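Hello,

Here is the structure you asked about. My notes on what was found in it follow below.

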Amino acid sequence: MFPYKTSFLLKRNTSQALYLQLSNQFITLIKNNTLPSNTKLPGSRVLAEMLNVHRKTVVACYEELLLQGWIVSIPKKGTFVNTDLPLLHYQKSTNDIVKSIKSKANFSFKKSKILERKTFPELTNFTVINDGVSDHRLTPIDDIARTYRRIASKKSTIEQLTYKSTYGNIRLREALVSYLNETRGLQITIDNILITRGSQMGIFLTAILLFKKDDLVVVGETNYIAADVTFSQSKAKILRVPVDENGLNTDAIEKICKKKRIKAVFVTSHHHHPTTVTLSAKRRIHLLNLSKLYNFAIIEDDYDYDFNYNHAPILPLSSHDSLGNVIYLGSVCKTVAPVFRIGYLIAPKDFVDEAAKHRRYIDRQGDALLELTFAEFIKSGDLDRHIKKVLKIYRQRRDLFCKLMTEELSAYFSFEVPKGGMAVWTILDKKYTWKQVSETAKRHQLEIGDWERYDLANNNHNAIRIGFASYTEDEIIELVKKLKQTMNSLDFL
Ligand SMILES: Cc1ncc(COP(=O)(O)O)c(C=O)c1O
């Protein structure tokens with residue numbers, strides 16, 4: 001007879017009812033053929049005694065198994081493993097199944113080389129260089145949590161807990177329409193805005209809507225790598241134009257337009273990613289004129305609009321767009337914290353309508369409570385107060401970082417002090433390579449990160465972004481010290 005007693009492991013101090021534990025373990029025994037088809041199961045009283053459980057537990061377990069079709073009950077004969085069950089192929093033991101599920105799919109699927117990105121283990125005592133992110137420790141989490149709690153406890157909020165518009169929460173859209181019209185000089189209505197989970201989702205939706213295979217998109221050399229990857233995934237062909245101290249070279253774009261039909265230009269006009277320069281007024285107008293003349297879309301990614309240290313933020317291209325050529329993307333993810341996935345896509349109504357249709361299939365609902373929270377956060381002035389506060393801190397951090405880099409490391413690195421943003425485009429003297437620096441840095445508990453992503457076209461500009469905003473002043477001192485130790489050790493090699 002089957003040794004029931006040793007086949008079951010029932011835990012009394014878990015939240016799963018005993019009868020369910022028992023039925024799940026029966027199912028495993030049936031699936032792996034330890035209990036073959038037509039095996040007679042012991043009567044409920046006998047099994048209850050064997051396993052030292054209440055008879056009702058076994059009765060409930062058998063009812064569950066009957067309901068699910070694993071066993072059948074034949075009057076006056078007993079309870080048997082269902083003879084109708086096909087044998088489950090290729091499994092030897094439960095362990096084998098778990099192992100194979102974890103490592104490799106038993107079906108083919110599309111894998112894309114271009115999606116591969118380097119990741120780095122988190123090491124204690126290491127300083128990790130980032131490409132310019134906000135300091136999450138400055139997030140006004142108490143204010144946000146208070147607003148969230150207040151909204152969640154309102155009776156009327158119940159209405160927000162079900163499926164609603166695929167354009168995003170109406171109150172957030174209204175709040176953003178007036179906020180963006182006021183702060184960025186846009187002239188949009190509620191019809192021009194779609195809520196996204198961050199700017200990246202805006203780039204993704206835009207790429208899906210714009211590109212067919214081999215459509216041409218113009219980007220800067222170099223460019224924000226995630227945009228390049230998104231466009232390539234959409235099968236667009238990327239053409240690169242130079243970037244100098246005035247941003248994208250629009251004459252080069254015009255030259256391309258005279259020969260080829262381009263579908264879009266991607267631009268981080270405020271602070272070019274990665275070099276941090278601002279697109280000049282002359283080139284802004286030139287680009288807008290070209291887009292009208294040659295009917296292409298301008299994808300304006302305004303990922304760090306709020307962070308300008310020397311002057312007021314420059315109005316986006318979108319604010320001068322009278323014919324409907326600009327798709328404007330932004331979010332609070334850099335401004336408040338990356339974890340709050342609240343972004344927006346601003347465009348002509350027909351484009352927004354189509355983007356909302358696509359959003360349905362990747363994000364049917366969005367996070368209405370968080371969206372309402374941010375609507376309040378914006379309307380109450382909390383967002384502006386937060387920006388004012390962190391802007392001051394980030395300016396001090398930029399100044400300290402640039403001062404120390406000049407005082408301590410000018411023999412190795414050159415850079416322009418960025419007027420805004422959260423990173424310095426740091427050029428390494430050509431006597432050295434980032435590969436050497438990166439390898440040596442590890443010995444000094446410094447992780448340079450994915451430096452290769454800044455020069456995928458092998459232009460040998462020898463520069464990477466070094467973020468400054470996310471480090472306190474002490475951490476900046478530590479970072480520069482480690483970088484100096486790294487460079488000194490390289491000199492001794
Ligand atoms: C240039 C640029 N665009 C877009 C994004 C994506 O931002 P979000 O977190 O809003 O999706 C980033 C994030 O680093 C960025 O640097």
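Two strands pair if DSSP finds at least two bridges between them. In this predicted model, β13 and β14 pair in the antiparallel sense, over two bridges. Within that part of the model, Ser414 stands opposite Ile427 in β14. Strands of a sheet pair through backbone hydrogen bonds, in either a parallel or an antiparallel way.

The sheet itself is open and has three strands, in the order β13-β14-β16, with antiparallel pairing. β13 (413-414) and β16 (463-467) are at the edges with a single partner strand each, so one side of each has no neighbour in the sheet.

Next, the domains. The protein chain is divided into domain 1 (4-81), domain 2 (127-133 + 385-491) and domain 3 (140-384). Note that domain 2 is written as two segments, 127-133 and 385-491. Between domain 2 and domain 3, the C-alpha centres lie 27 Å apart. As for contacts, 27 residues of domain 2 touch 27 residues of domain 3, with contact meaning heavy atoms within 4.5 Å.

Where does the largest pocket lie? Domain 2 and domain 3 both give residues to its lining, so the largest pocket lies between them. The space in the largest pocket is about 910 Å³. It is lined by 31 residues, and the closest to its centre are Asn130, Asp131, Val133, Lys334 and Arg453. Helix α8 (residues 199-210) supplies the largest share of this lining, three residues. By type, the lining of the largest pocket has 13 nonpolar, eight polar and ten charged residues.

The second largest pocket holds about 540 Å³ of space. Of the 22 residues that line the second largest pocket, Asp244, Glu245, Thr275, Val277 and Glu416 are the closest to its centre. The elements that give two or more residues to this lining are β7 (237-244) and β14 (423-428). β14 is also a member of the three-stranded sheet described above. The lining of the second largest pocket divides into eight nonpolar, nine polar and five charged residues. Domain 2 and domain 3 both contribute to this lining too, so the second largest pocket lies between them.

Is helix α9 mostly covered or mostly uncovered? Helix α9 (residues 225-233) is mostly covered, with seven of its nine residues buried. The buried residues are Ile225, Ala226, Ala227, Asp228, Val229, Thr230 and Phe231. They pack against α8, β6 (216-221), β7, β9 (264-267) and β10 (297-301). Of these partners, α8 also lines the largest pocket, while β7 also lines the second largest pocket. After α9 comes Lys235, whose phi is positive, near 75°.

Buried means under 20% relative accessible area and exposed means over 50%. Asp491 has a relative accessibility of 43%, so it counts as partly exposed. Leaving aside neighbours within four places in sequence, Asp491 is in contact with Tyr412 and Tyr432. The C-alpha atoms of Asp491 and Phe26 are separated by 68 Å, and the two residues are 465 residues apart along the chain.

Regards

Note on methods: Residues numbered from 1 in each chain as written. Predicted model: local features only at pLDDT ≥ 70, side-chain atom pairs only at ≥ 80, totals over all residues. Heavy atoms only, no water. 1 Å grid on protein atoms, 1.4 Å probe; cavity = no way out; pocket = protein on both sides within 12 Å on 5 of 7 lines; lining within 4 Å. Points joined across faces, edges and corners; volume = space filled by probe spheres on them. Helix = DSSP H or I, 4+ residues; strand = E, 2+ residues; numbered from the N terminus. Nonpolar A, V, L, I, M, F, W, Y, C, P; charged D, E, K, R; others polar. Domains from an automatic or database assignment. Buried < 20%, exposed > 50% of the residue type's maximum accessible area, 1.4 Å probe, protein only.
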